[in-house]
Amino acid sequence: MPTRVKSYALERSPLYGLQSRSRLAGLLFVSPKELKRLSGDMHLYKHFHVKKKDKSLRPVEEPRRELKSVQRRIAELLARIMPPDFLFCPVKRRSYIGNAEQHRDSRVVHSLDVKKYFPSTPSRRVYWFFHQVMGCSTDVAAVLAKVACCDEHLPTGSPLSPIMAYYAHMDIWEEVARIARENGCVVTVYIDDVTVSGAKVPKALVWEMKKMIYGGGLRYHKEKRAVDRRSEVTGVVLRNGEMLVANRHRDKLRKLKQAKDRERGPEVNKSLLGQLAGMQGMVDQVRSANLRATEPVRVRVGKIEAA
């Protein structure tokens with residue numbers, strides 16, 4: 001069985017304090033010559049558009065295979081750094097359901113989305129992280145920034161962009177989390193979804209958070225605030241301390257089941273089965289989260305367990 005890689009402190013990352021481009025190449029499993037090409041070739045992306053739910057088009061910059069492999073390797077190395085408690089994606093063994101669960105018992109839930117998170121993360125921010133935070137030499141940090149970015153920003157189709165976006169703005173998110181805690185609130189970050197909740201969420205606190213986000217060069221939109229009423233956090237409905245599956249997800253699950261029934265037999269579409277398994281898994285996870293919340297706390301006293 002493969003050895004499970006444990007999380008470690010940022011200072012223990014093999015990227016930390018890296019001073020040599022040749023050592024960086026070895027760490028990324030490529031030759032120095034190949035790394036130089038990948039950090040300088042401007043034709044390593046496929047550009048296209050995908051249609052969003054609102055029918056508008058979202059531009060996608062998808063790295064070609066050889067660049068994507070290196071980006072994935074950097075993402076793996078960053079993923080091994082011990083994440084903060086407030087970060088829920090992209091973090092292994094943390095999910096959007098766990099993200100929503102942090103806010104289930106709050107009276108006030110305030111959320112907002114970062115607008116165009118990846119395109120709004122410039123290469124200079126990536127360089128800042130690797131040079132100032134990770135202590136890499138200027139040339140190593142520059143190479144990493146070039147490999148991570150397309151047209152001077154994080155690309156939308158890269159496996160590195162989700163975690164790189166966090167680290168490129170980690171000073172902002174750490175400060176947001178700090179002031180939320182000082183106000184007795186809980187804050188979570190799920191890629192571009194930021195949620196703060198508590199018995200009270202002062203509007204002055206939200207304003208300070210907005211100023212920090214804005215000051216970091218980011219913009220926000222889709223702001224929502226719920227007080228003593230149902231709210232939705234990363235696709236999960238919260239109501240009176242209970243977590244619920246959103247009606248649109250229930251409808252989708254029902255339609256997927258109907259589609260599967262119509263396609264009985266060996267010709268059932270694999271994509272359909274995958275979607276069905278995913279939706280059913282979401283429903284089951286929400287139910288499990290509710291069960292965990294209602295289970296009595298058991299305290300072991302000698303050989304006797306008391307609820």
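1. **How to read it.** This is a predicted model, in which local features need pLDDT of at least 70 and side-chain atom pairs count only at pLDDT 80 or more, while totals for chains, interfaces and linings use all residues. Residues are numbered from 1 along each chain as its sequence is written, and side-chain values use heavy atoms, with hydrogens and water left out.

2. **A pair of rings to start with.** The structure holds 6 aromatic pairs. Rings of Phe, Tyr and Trp (for Trp, the six-membered ring) pair if their centres lie within 6.5 Å; planes under 30 degrees apart are stacked, over 60 edge-to-face, and the rest tilted. Y117 and W173 form an edge-to-face pair because their planes stand at 80°, with the ring centres 6.4 Å apart. This pair links distant parts of the chain, 56 residues apart: Y117 sits in the loop between β4 (108–114) and α5 (123–133), and W173 in helix α8 (residues 170–182). Helices (H or I, at least four residues) and strands (E, at least two) are DSSP runs, numbered from the N terminus.

3. Buried means under 20% relative accessible area, exposed over 50%, and partly exposed in between (1.4 Å probe, protein chains only).

4. R125 lies over the face of W128, 5.0 Å from the ring centre, and R219 lies over the face of Y214, at 3.6 Å. For a charge to sit over a ring, NZ of Lys or CZ of Arg must be within 6 Å of the ring centre and within 35 degrees of the ring normal.

5. **The largest pocket.** About 1,400 Å³ of space lies here. On a 1 Å grid over the protein atoms alone, a pocket is an open set of points where a 1.4 Å probe fits, with protein on both sides within 12 Å along at least five of seven lines; lining residues have an atom within 4 Å of a point. Grid points are joined across faces, edges and corners, and the volume is the space filled by probe spheres set on the points. Of the 32 lining residues, K52, D113, D192, D193 and K222 lie nearest the centre. β4 gives the most to this lining, with 4 residues. By class, the lining divides into 11 nonpolar, 7 polar and 14 charged residues. Here Ala, Val, Leu, Ile, Met, Phe, Trp, Tyr, Cys and Pro count as nonpolar, Asp, Glu, Lys and Arg as charged, and the others, Gly among them, as polar.

6. **The second largest pocket.** This one holds about 510 Å³ of space. It is lined by 20 residues, and E76, A79, R80, V91 and K92 are the closest to its centre. Helix α3 (65–79) and helix α7 (161–168) each supply at least two lining residues, with the largest share, 4 residues, coming from α3. The lining has 13 nonpolar, 1 polar and 6 charged residues.

7. **Two single residues.** S123 lies in helix α5 and counts as buried at 13% relative accessibility. Its side chain meets that of E152 in a polar contact of 2.7 Å (a pair of N or O atoms within 3.5 Å; within protein, one must be able to donate a hydrogen and the other to accept it, and residues adjacent in sequence count only if both atoms are side-chain atoms). L238, in strand β9 (residues 236–239), is buried at 3%. L238 and V109 are 129 residues apart in sequence and 9.5 Å apart in space, C-alpha to C-alpha.
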